[in-house]
Amino acid sequence: MNVDIGNALASVASPGVSRESLERLDDQVGDAHERIERGMADAEHGYEALNLPQRTDPTEIRAAVEPVADAETLLTIGIGGSALGAATITDALAAESDTEAIYLDNVDPAWISQLLENRSLENTAINVVSRSGTTAETLANFLVVRDAFESAGVDWTDRTIVTTGESGPLRNLSDRHDLPSLQVPDGVPGRFSALSAVGLVAAAVCEHDLEALLDGAAAEAETLSGSLFECPAYAYGATAYALDQRGAGINAMVPYAESLETYAEWFAQLWAESLGKDDLGQTPVRALGVTDQHSQLQLYRAGPRDKLVTFVSPGELADRPIPDTGVDELAYLGDSTLADLLEAEFEATEASLAAAGRPNVRVELEGVDEYELGGLLYGMEAACVLAGELYAVNTFEQPAVEWAKKATRGLLGGGDFEEADAVAEKTELRIER
Ligand SMILES: O=P(O)(O)OC[C@H]1O[C@H](O)[C@H](O)[C@@H](O)[C@@H]1O
């Protein structure tokens, strides 16, 4: 990916960052890069994720999915980092097979029932993913889906792949039923695991090119260096950090491709869960170009000066001409294509923010294919790790999320967790109808 931070400069935007400030910040980027390189070399928890392009074995993943290669539907059961990377990849890429990839990352009973009803389960495969192997939502959904297979007389053990940690309840279950299984690599937190089996099993069943995804990521890894002026990922992370320090506490991620809508969700988890700690962090907002030009843009251009808008320009897309109508006022459309319109809207929106002095950054791809997507995912992970160093937070933990997980388990009788007591202590001021 390339990154253009021109519209984040203080000469264009407020808040903005001056070139001199960026040059001063570059010293910290150099130190942070040394720390990151050390963490990668020592395979330290979290930093190890940046080694995935070299460590992940696509042949092993393809072999594990072989038994379900014919699936018409792949139900991936996971949540957070165990679903969003895989969903980002299969949603972004053009279909290479007839497999439909569906993600069960919520526990809404009506939705799950609807998904299972009228589905031919003989042609469905299950991909259950949980790093810890203990996440209540994932295990509950898995048990419900298993039960639906049993009720339909389909042997779920023939149709299930497991990706989990080295030990834990899901690993035990997988061993007991002798299921094909893959391991979440040690030292790789869920939200940084898109380029491991966690993100690539679904891509393999959908016959996407895993090597190209990893090659794109490896090429991005090659750009990591001690200066933000030489590394697009660090330029992004450092600029987002500097703008947050200057008041842009919100980061709206706006890809200009329908297929990248899920990518904005993945980014939101990465940015929020990694950087939101010690009363610090930048709030990610998910948006989509051009759709949200007609809803959120008003606020971005004229609301409080507390936002960075990150555009992702997808580069060349498969195109479709706009038919001519013979109506004079619409003639300009008839001379164009949908991709021309998308591009013009992107450039106009970017300019409209700059003209109003609102900081924005452009992330440029050369198309939405495996190689470019691998680079984007890796680049944003590296940007996030760099930002974590600059904020001096522990990027790779998520104690606030764990707190709510414990409270939920306590409420359901899954153990004695003091966090659950807070539920009964809720302050009420109810207004009843
Ligand atoms: O993969 P699992 O252990 O099931 O965890 C799934 C998700 O659970 C939690 O909510 C964590 O905060 C996320 O970072 C993680 O991705």
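This is a predicted model: local features need pLDDT of at least 70, side-chain atom pairs count only at pLDDT 80 or more; totals for chains, interfaces and linings use all residues.
Modeller: Local features need pLDDT of at least 70, side-chain atom pairs count only at pLDDT 80 or more, and totals for chains, interfaces and linings use all residues. Residues are numbered from 1 along each chain as its sequence is written, and side-chain values use heavy atoms, leaving out hydrogens and water.

Colleague: What makes domain 1 and domain 2 the parts of this chain?

Modeller: Domain 1 is 2–38 + 215–391 and domain 2 is 50–208; these bounds come from an automatic or database domain assignment. Their contact (heavy atoms within 4.5 Å) takes 25 residues from domain 1 and 19 residues from domain 2.

Colleague: How much area do domain 1 and domain 2 bury between them?

Modeller: About 2000 Å², with 67% of it on carbon and sulfur atoms. Buried area is the accessible area (1.4 Å probe) that two parts lose on being put together, summed over both. On the domain 1 side, Thr262, Gln269 and Glu381 lose the most, together 24% of what that side buries.

Colleague: Why is the pair Glu273 and Arg191 called a salt bridge?

Modeller: The term asks for a side-chain nitrogen of Lys or Arg within 4 Å of a carboxyl oxygen of Asp or Glu. The closest N and O atoms of Glu273 and Arg191 are 3.0 Å apart, so the pair qualifies. Between domain 1 and domain 2 the count is one salt bridge.
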